[in-house]
Amino acid sequence: MNAEKIELKGLFPEELAQHVSDMGLERYRTRQLIDWLYNKGVTDFESMTNLSKTVRARFDEQFALLRLNCVGEMRSSSTDTVKFLFELPDKRLIESVLMWDGKRRTLCVSSQVGCPLDCQFCATARMGLIRNLTAAEIVEQVLYAQRFLRAKGDELTHVVMMGMGEPLLNFDQVIRAIRLINLDYGAAVGIRRITLSTVGHVPGIAKLAREKLKIGLAVSLNATTDEQRSEIMPINRKWPIEELLCAVRAYYDQVKRWVTFEYVLLHGFNDTAEDAHRLIALLRDIPCKINVIPWNPIDDARYERPPQKAIDRFVDILSQAKLTATVRYSKGDDIAAGCGQLYWEMERGVK
Ligand code: SAH
(Lines give C-alpha, C1' and ligand atoms only; values in the text may rest on other atoms or scores of the structure.)
Protein backbone atom coordinates (compact mmCIF):
# COMPACT_ATOMS: atom_id res chain seq x y z
CA MET A 1 0.00 0.00 0.00
CA ASN A 2 1.25 3.44 -0.87
CA ALA A 3 1.22 5.52 2.31
CA GLU A 4 1.09 8.76 0.34
CA LYS A 5 -2.21 8.02 -1.31
CA ILE A 6 -5.14 10.07 -0.07
CA GLU A 7 -7.95 8.07 1.46
CA LEU A 8 -11.09 8.97 -0.48
CA LYS A 9 -13.61 7.95 2.13
CA GLY A 10 -12.19 10.40 4.65
CA LEU A 11 -12.68 13.44 2.40
CA PHE A 12 -15.47 16.00 2.36
CA PRO A 13 -16.91 16.63 -1.12
CA GLU A 14 -15.27 20.06 -1.34
CA GLU A 15 -11.88 18.53 -0.52
CA LEU A 16 -12.40 15.85 -3.11
CA ALA A 17 -13.36 18.50 -5.67
CA GLN A 18 -10.16 20.38 -4.84
CA HIS A 19 -8.03 17.29 -5.46
CA VAL A 20 -9.81 16.58 -8.72
CA SER A 21 -9.24 20.15 -9.82
CA ASP A 22 -5.56 20.00 -8.75
CA MET A 23 -5.22 16.95 -10.99
CA GLY A 24 -6.44 19.09 -13.88
CA LEU A 25 -9.56 17.00 -14.34
CA GLU A 26 -13.08 18.17 -15.17
CA ARG A 27 -15.37 19.17 -12.31
CA TYR A 28 -17.95 16.48 -13.06
CA ARG A 29 -15.36 13.83 -12.19
CA THR A 30 -16.06 14.55 -8.52
CA ARG A 31 -19.75 13.74 -8.98
CA GLN A 32 -18.85 10.56 -10.79
CA LEU A 33 -16.50 9.46 -8.02
CA ILE A 34 -19.09 10.19 -5.35
CA ASP A 35 -21.71 8.29 -7.29
CA TRP A 36 -19.49 5.22 -7.64
CA LEU A 37 -18.39 5.29 -4.06
CA TYR A 38 -21.63 5.92 -2.25
CA ASN A 39 -24.53 5.08 -4.55
CA LYS A 40 -23.03 2.15 -6.36
CA GLY A 41 -20.76 1.11 -3.48
CA VAL A 42 -17.84 -0.08 -5.60
CA THR A 43 -14.67 -1.09 -3.82
CA ASP A 44 -12.07 -0.48 -6.56
CA PHE A 45 -11.38 1.99 -9.35
CA GLU A 46 -11.41 -0.80 -11.92
CA SER A 47 -15.20 -1.09 -11.54
CA MET A 48 -15.84 2.58 -12.34
CA THR A 49 -16.76 1.72 -15.89
CA ASN A 50 -17.91 5.12 -17.13
CA LEU A 51 -14.42 6.51 -16.54
CA SER A 52 -11.77 6.07 -19.18
CA LYS A 53 -8.87 3.75 -18.40
CA THR A 54 -6.54 6.74 -18.14
CA VAL A 55 -8.72 8.54 -15.60
CA ARG A 56 -9.12 5.34 -13.57
CA ALA A 57 -5.37 4.89 -13.55
CA ARG A 58 -4.84 8.47 -12.43
CA PHE A 59 -7.32 8.09 -9.58
CA ASP A 60 -5.69 4.84 -8.61
CA GLU A 61 -2.33 6.59 -8.43
CA GLN A 62 -3.63 9.43 -6.31
CA PHE A 63 -6.27 7.90 -4.05
CA ALA A 64 -6.67 4.94 -1.77
CA LEU A 65 -10.02 3.22 -1.43
CA LEU A 66 -10.38 1.75 1.99
CA ARG A 67 -11.93 -1.68 2.37
CA LEU A 68 -12.69 -3.34 5.64
CA ASN A 69 -12.34 -7.05 5.39
CA CYS A 70 -15.15 -8.66 7.37
CA VAL A 71 -13.46 -11.67 8.98
CA GLY A 72 -16.25 -12.59 11.36
CA GLU A 73 -19.99 -12.13 11.27
CA MET A 74 -21.90 -13.44 14.23
CA ARG A 75 -25.64 -13.43 14.72
CA SER A 76 -27.30 -13.69 18.08
CA SER A 77 -29.79 -16.53 18.37
CA SER A 78 -32.59 -13.98 18.66
CA THR A 79 -31.30 -12.55 15.32
CA ASP A 80 -31.75 -8.96 16.45
CA THR A 81 -28.02 -8.39 16.60
CA VAL A 82 -25.19 -8.99 14.17
CA LYS A 83 -21.64 -8.41 15.11
CA PHE A 84 -19.00 -7.73 12.47
CA LEU A 85 -15.33 -8.25 13.10
CA PHE A 86 -13.35 -6.16 10.62
CA GLU A 87 -9.73 -6.46 9.62
CA LEU A 88 -8.08 -3.12 8.89
CA PRO A 89 -5.41 -2.64 6.19
CA ASP A 90 -2.69 -3.14 8.84
CA LYS A 91 -4.38 -6.41 9.94
CA ARG A 92 -5.61 -4.95 13.21
CA LEU A 93 -9.12 -5.99 14.25
CA ILE A 94 -12.10 -3.88 15.27
CA GLU A 95 -15.75 -4.62 15.72
CA SER A 96 -19.12 -3.05 14.98
CA VAL A 97 -22.49 -4.25 16.22
CA LEU A 98 -25.73 -3.87 14.26
CA MET A 99 -28.95 -3.98 16.26
CA TRP A 100 -32.58 -4.21 15.15
CA ASP A 101 -35.05 -2.65 17.54
CA GLY A 102 -38.56 -1.97 16.24
CA LYS A 103 -38.06 0.46 13.38
CA ARG A 104 -34.56 1.32 14.48
CA ARG A 105 -31.45 -0.07 12.88
CA THR A 106 -28.55 1.04 15.02
CA LEU A 107 -24.88 0.51 14.36
CA CYS A 108 -22.43 0.70 17.23
CA VAL A 109 -19.04 1.72 15.80
CA SER A 110 -15.47 1.68 17.08
CA SER A 111 -13.32 4.80 17.24
CA GLN A 112 -9.97 3.30 18.30
CA VAL A 113 -8.20 -0.04 18.09
CA GLY A 114 -8.20 -0.86 21.80
CA CYS A 115 -8.50 1.87 24.42
CA PRO A 116 -6.07 3.50 26.86
CA LEU A 117 -8.54 4.17 29.67
CA ASP A 118 -8.38 0.94 31.63
CA CYS A 119 -11.98 0.77 32.89
CA GLN A 120 -11.92 -2.34 35.05
CA PHE A 121 -15.16 -3.93 33.82
CA CYS A 122 -14.47 -3.51 30.10
CA ALA A 123 -13.07 -6.08 27.65
CA THR A 124 -11.55 -3.52 25.26
CA ALA A 125 -9.52 -2.00 28.11
CA ARG A 126 -7.51 -5.22 28.33
CA MET A 127 -6.05 -4.52 24.88
CA GLY A 128 -4.60 -1.16 25.83
CA LEU A 129 -4.51 1.46 23.07
CA ILE A 130 -3.12 0.17 19.80
CA ARG A 131 -4.00 3.13 17.60
CA ASN A 132 -6.63 5.67 16.61
CA LEU A 133 -8.89 4.90 13.69
CA THR A 134 -8.91 7.25 10.71
CA ALA A 135 -12.13 9.00 9.73
CA ALA A 136 -12.32 6.70 6.70
CA GLU A 137 -12.08 3.62 8.93
CA ILE A 138 -14.93 4.91 11.08
CA VAL A 139 -17.06 5.92 8.08
CA GLU A 140 -16.49 2.60 6.34
CA GLN A 141 -17.92 0.65 9.29
CA VAL A 142 -21.13 2.61 8.72
CA LEU A 143 -21.07 2.28 4.94
CA TYR A 144 -20.53 -1.46 5.28
CA ALA A 145 -23.58 -1.81 7.54
CA GLN A 146 -25.59 0.46 5.24
CA ARG A 147 -24.73 -1.76 2.23
CA PHE A 148 -25.53 -4.86 4.29
CA LEU A 149 -28.98 -3.49 5.17
CA ARG A 150 -29.77 -2.01 1.77
CA ALA A 151 -29.09 -5.41 0.19
CA LYS A 152 -32.04 -6.59 2.29
CA GLY A 153 -34.21 -3.61 1.32
CA ASP A 154 -33.60 -2.10 4.75
CA GLU A 155 -31.94 1.11 5.94
CA LEU A 156 -29.62 2.11 8.77
CA THR A 157 -31.31 4.71 11.00
CA HIS A 158 -28.98 5.35 13.96
CA VAL A 159 -25.26 5.34 14.75
CA VAL A 160 -23.73 5.19 18.22
CA MET A 161 -20.04 5.78 18.88
CA MET A 162 -20.01 3.22 21.66
CA GLY A 163 -17.79 0.49 20.29
CA MET A 164 -14.12 0.02 21.01
CA GLY A 165 -12.21 3.07 22.16
CA GLU A 166 -12.81 6.55 23.55
CA PRO A 167 -14.11 8.81 20.76
CA LEU A 168 -13.05 12.07 22.43
CA LEU A 169 -9.43 10.90 22.48
CA ASN A 170 -9.59 10.67 18.69
CA PHE A 171 -11.43 13.94 18.40
CA ASP A 172 -10.64 15.28 14.92
CA GLN A 173 -11.11 12.01 13.07
CA VAL A 174 -14.30 11.21 15.00
CA ILE A 175 -15.87 14.63 14.30
CA ARG A 176 -14.88 14.38 10.65
CA ALA A 177 -16.43 10.91 10.49
CA ILE A 178 -19.66 12.11 12.11
CA ARG A 179 -20.02 14.89 9.53
CA LEU A 180 -19.30 12.44 6.72
CA ILE A 181 -21.78 9.85 8.00
CA ASN A 182 -24.39 12.59 8.08
CA LEU A 183 -23.88 13.67 4.44
CA ASP A 184 -26.74 12.90 2.07
CA TYR A 185 -24.70 11.00 -0.42
CA GLY A 186 -22.91 8.89 2.20
CA ALA A 187 -24.68 6.84 4.83
CA ALA A 188 -27.14 9.76 5.25
CA VAL A 189 -27.79 9.17 8.95
CA GLY A 190 -29.54 12.17 10.51
CA ILE A 191 -27.34 14.20 12.83
CA ARG A 192 -29.80 13.84 15.73
CA ARG A 193 -29.62 10.09 15.24
CA ILE A 194 -25.90 9.95 15.92
CA THR A 195 -24.76 9.57 19.53
CA LEU A 196 -21.28 9.80 20.96
CA SER A 197 -20.51 8.00 24.20
CA THR A 198 -17.62 9.23 26.33
CA VAL A 199 -15.90 7.95 29.44
CA GLY A 200 -16.21 11.51 30.76
CA HIS A 201 -13.26 13.27 29.19
CA VAL A 202 -13.85 16.79 30.47
CA PRO A 203 -11.83 18.91 27.98
CA GLY A 204 -13.21 16.73 25.18
CA ILE A 205 -16.80 17.49 26.25
CA ALA A 206 -16.06 21.23 26.27
CA LYS A 207 -14.47 20.97 22.84
CA LEU A 208 -17.42 18.98 21.53
CA ALA A 209 -19.83 21.66 22.75
CA ARG A 210 -17.95 24.20 20.62
CA GLU A 211 -18.56 22.10 17.50
CA LYS A 212 -22.28 22.86 17.88
CA LEU A 213 -23.21 19.50 16.41
CA LYS A 214 -26.72 18.35 17.20
CA ILE A 215 -25.59 14.83 18.00
CA GLY A 216 -26.58 13.07 21.20
CA LEU A 217 -24.09 12.91 24.05
CA ALA A 218 -23.88 9.90 26.36
CA VAL A 219 -21.63 9.94 29.41
CA SER A 220 -20.51 6.78 31.18
CA LEU A 221 -20.97 7.69 34.82
CA ASN A 222 -21.14 4.18 36.26
CA ALA A 223 -20.72 5.19 39.91
CA THR A 224 -21.92 7.79 42.41
CA THR A 225 -18.92 8.55 44.62
CA ASP A 226 -15.40 9.49 43.58
CA GLU A 227 -13.95 6.65 45.58
CA GLN A 228 -16.13 4.12 43.84
CA ARG A 229 -15.75 5.63 40.37
CA SER A 230 -11.96 5.93 40.61
CA GLU A 231 -11.79 2.26 41.49
CA ILE A 232 -13.45 1.15 38.25
CA MET A 233 -12.59 4.11 35.99
CA PRO A 234 -9.08 5.52 36.51
CA ILE A 235 -10.00 8.62 34.46
CA ASN A 236 -11.99 9.76 37.50
CA ARG A 237 -8.75 10.55 39.32
CA LYS A 238 -8.08 13.18 36.69
CA TRP A 239 -11.63 14.47 36.27
CA PRO A 240 -13.76 13.61 39.30
CA ILE A 241 -17.56 13.46 39.28
CA GLU A 242 -18.25 17.09 40.20
CA GLU A 243 -15.97 18.40 37.44
CA LEU A 244 -17.52 16.00 34.97
CA LEU A 245 -21.07 17.04 35.83
CA CYS A 246 -20.05 20.68 35.57
CA ALA A 247 -18.80 20.04 32.03
CA VAL A 248 -22.03 18.24 31.19
CA ARG A 249 -24.16 21.14 32.47
CA ALA A 250 -22.11 23.56 30.36
CA TYR A 251 -22.53 21.24 27.39
CA TYR A 252 -26.29 21.21 27.87
CA ASP A 253 -26.40 25.01 28.13
CA GLN A 254 -24.72 25.28 24.75
CA VAL A 255 -26.22 22.41 22.81
CA LYS A 256 -29.66 22.19 24.47
CA ARG A 257 -30.08 18.49 24.02
CA TRP A 258 -30.79 16.10 26.86
CA VAL A 259 -27.75 14.13 27.86
CA THR A 260 -27.79 10.38 28.51
CA PHE A 261 -25.91 8.97 31.46
CA GLU A 262 -24.85 5.38 31.16
CA TYR A 263 -24.67 3.39 34.34
CA VAL A 264 -23.19 -0.10 34.14
CA LEU A 265 -24.68 -2.09 37.00
CA LEU A 266 -22.14 -4.24 38.84
CA HIS A 267 -23.73 -6.44 41.44
CA GLY A 268 -22.73 -5.68 45.01
CA PHE A 269 -20.62 -2.76 43.84
CA ASN A 270 -22.87 0.00 42.55
CA ASP A 271 -26.39 -1.47 42.49
CA THR A 272 -27.66 -0.77 46.02
CA ALA A 273 -30.58 1.48 46.98
CA GLU A 274 -28.06 3.99 48.35
CA ASP A 275 -26.36 4.13 44.96
CA ALA A 276 -29.70 4.83 43.30
CA HIS A 277 -30.47 7.64 45.75
CA ARG A 278 -27.02 9.19 45.32
CA LEU A 279 -27.48 9.02 41.55
CA ILE A 280 -30.77 10.90 41.82
CA ALA A 281 -29.15 13.60 43.96
CA LEU A 282 -26.23 13.97 41.50
CA LEU A 283 -28.38 14.31 38.41
CA ARG A 284 -31.24 16.35 39.85
CA ASP A 285 -30.47 19.55 38.00
CA ILE A 286 -29.33 18.11 34.68
CA PRO A 287 -31.86 17.48 31.89
CA CYS A 288 -31.00 13.86 31.27
CA LYS A 289 -32.00 10.25 30.77
CA ILE A 290 -30.32 7.32 32.43
CA ASN A 291 -29.36 4.22 30.59
CA VAL A 292 -28.87 1.38 33.04
CA ILE A 293 -26.72 -1.38 31.56
CA PRO A 294 -26.54 -4.64 33.52
CA TRP A 295 -22.91 -5.65 33.28
CA ASN A 296 -22.12 -8.02 30.44
CA PRO A 297 -19.73 -10.59 31.95
CA ILE A 298 -16.28 -10.88 30.42
CA ASP A 299 -13.65 -13.46 31.10
CA ASP A 300 -11.55 -13.48 34.30
CA ALA A 301 -14.08 -11.09 35.71
CA ARG A 302 -13.99 -9.51 39.11
CA TYR A 303 -17.61 -8.48 38.92
CA GLU A 304 -21.02 -10.04 38.82
CA ARG A 305 -24.03 -9.30 36.67
CA PRO A 306 -26.89 -8.21 38.95
CA PRO A 307 -29.89 -10.51 39.33
CA GLN A 308 -33.13 -9.23 37.81
CA LYS A 309 -34.45 -8.21 41.25
CA ALA A 310 -31.54 -5.85 41.83
CA ILE A 311 -31.93 -4.32 38.36
CA ASP A 312 -35.65 -3.75 38.90
CA ARG A 313 -35.14 -2.23 42.34
CA PHE A 314 -32.50 0.16 41.04
CA VAL A 315 -34.65 1.35 38.13
CA ASP A 316 -37.78 1.62 40.30
CA ILE A 317 -36.05 4.00 42.69
CA LEU A 318 -34.94 6.21 39.78
CA SER A 319 -38.42 6.16 38.23
CA GLN A 320 -40.07 7.10 41.53
CA ALA A 321 -37.85 10.18 41.59
CA LYS A 322 -39.17 11.00 38.09
CA LEU A 323 -35.88 10.31 36.39
CA THR A 324 -36.23 8.74 32.97
CA ALA A 325 -34.40 5.46 33.26
CA THR A 326 -34.31 2.62 30.77
CA VAL A 327 -32.51 -0.66 31.04
CA ARG A 328 -30.38 -1.64 28.13
CA TYR A 329 -30.23 -5.39 28.21
CA SER A 330 -26.99 -6.02 26.37
CA LYS A 331 -28.14 -7.15 23.03
CA GLY A 332 -26.61 -10.31 21.69
CA ASP A 333 -25.31 -11.66 24.98
CA ASP A 334 -24.79 -14.99 23.30
CA ILE A 335 -22.45 -13.47 20.71
CA ALA A 336 -20.50 -11.51 23.31
CA ALA A 337 -21.67 -8.21 21.88
CA GLY A 338 -20.18 -6.23 24.75
CA CYS A 339 -17.45 -3.74 23.99
CA GLY A 340 -14.37 -5.62 22.76
CA GLN A 341 -15.62 -9.07 23.58
CA LEU A 342 -15.66 -10.60 20.11
CA TYR A 343 -12.11 -9.46 19.63
CA TRP A 344 -10.97 -11.60 22.53
CA GLU A 345 -12.90 -14.61 21.39
CA MET A 346 -11.22 -14.38 17.98
CA GLU A 347 -7.82 -13.95 19.63
CA ARG A 348 -8.43 -17.11 21.61
CA GLY A 349 -9.66 -18.89 18.51
CA VAL A 350 -13.21 -19.37 19.80
CA LYS A 351 -15.77 -19.35 16.98
N1 SAH B 1 -15.25 4.99 25.78
C2 SAH B 1 -16.64 5.27 25.60
C3 SAH B 1 -17.34 4.36 24.60
C4 SAH B 1 -17.05 2.88 24.65
S5 SAH B 1 -17.75 1.96 25.99
C6 SAH B 1 -17.34 5.26 26.95
O7 SAH B 1 -16.70 4.97 27.96
O8 SAH B 1 -18.52 5.62 27.01
C9 SAH B 1 -19.48 2.06 25.73
C10 SAH B 1 -20.31 1.75 26.98
O11 SAH B 1 -20.23 0.36 27.31
C12 SAH B 1 -19.88 2.51 28.21
O13 SAH B 1 -20.99 3.06 28.87
C14 SAH B 1 -19.24 1.44 29.09
O15 SAH B 1 -19.34 1.80 30.44
C16 SAH B 1 -20.04 0.21 28.71
N17 SAH B 1 -19.40 -1.08 28.91
C18 SAH B 1 -18.12 -1.43 28.70
N19 SAH B 1 -17.92 -2.74 28.99
C20 SAH B 1 -19.10 -3.24 29.40
C21 SAH B 1 -19.56 -4.52 29.84
N22 SAH B 1 -18.73 -5.55 29.91
N23 SAH B 1 -20.87 -4.65 30.16
C24 SAH B 1 -21.73 -3.60 30.06
N25 SAH B 1 -21.36 -2.38 29.66
C26 SAH B 1 -20.07 -2.19 29.33
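**Figure 1. The cavity of the structure.** The structure, a predicted model, holds one cavity of 30 Å³ or more. A cavity here is a set of points on a 1 Å grid over the protein atoms alone where a 1.4 Å probe fits but cannot get out. Grid points are joined across faces, edges and corners, and the volume is the space filled by probe spheres set on the points. The largest cavity contains about 40 Å³ of space. Its lining residues (an atom within 4 Å of a point) are Tyr 38, Val 139, Leu 143, Leu 180, Leu 183, Tyr 185, Gly 186 and Ala 187. By class, this lining has seven nonpolar residues, one polar and no charged. Ala, Val, Leu, Ile, Met, Phe, Trp, Tyr, Cys and Pro count as nonpolar, Asp, Glu, Lys and Arg as charged, and the others, Gly among them, as polar.

**Figure 2. The shell around the ligand.** The ligand is surrounded by 16 residues, each with a heavy atom within 4 Å of it. The closest are Gly 165, Glu 166, Ser 197, Ser 220 and Asn 296. Seven residues of the shell are nonpolar, seven polar and two charged. At least two shell residues come from each of strand S10 (194-198) and strand S12 (259-265); strands are DSSP runs of E with at least two residues, numbered from the N terminus.

Figure 3. A polar contact is a pair of N or O atoms within 3.5 Å. Glu 166 places a polar side-chain atom 3.0 Å from a ligand nitrogen atom. For Phe 121, a backbone N or O atom lies 3.3 Å from a nitrogen atom of the ligand. A polar side-chain atom of Glu 262 is 3.2 Å from an oxygen atom of the ligand. Taken alone, the ligand exposes 530 Å², and the protein buries 94% of that (Shrake-Rupley method, 1.4 Å probe).

**Notes.** Residues are numbered from 1 along each chain as its sequence is written, and side-chain values use heavy atoms, with hydrogens and water left out. Because the model is predicted, local features need pLDDT of at least 70 and side-chain atom pairs count only at pLDDT 80 or more, while totals for chains, interfaces and linings use all residues.

Conventions. A polar contact is a pair of N or O atoms within 3.5 Å; within protein, one must be able to donate a hydrogen and the other to accept it, and residues adjacent in sequence count only if both atoms are side-chain atoms. Helices (H or I, at least four residues) and strands (E, at least two) are DSSP runs, numbered from the N terminus. On a 1 Å grid over the protein atoms alone, a cavity is a set of points where a 1.4 Å probe fits but cannot get out, and a pocket is an open set with protein on both sides within 12 Å along at least five of seven lines; lining residues have an atom within 4 Å of a point.
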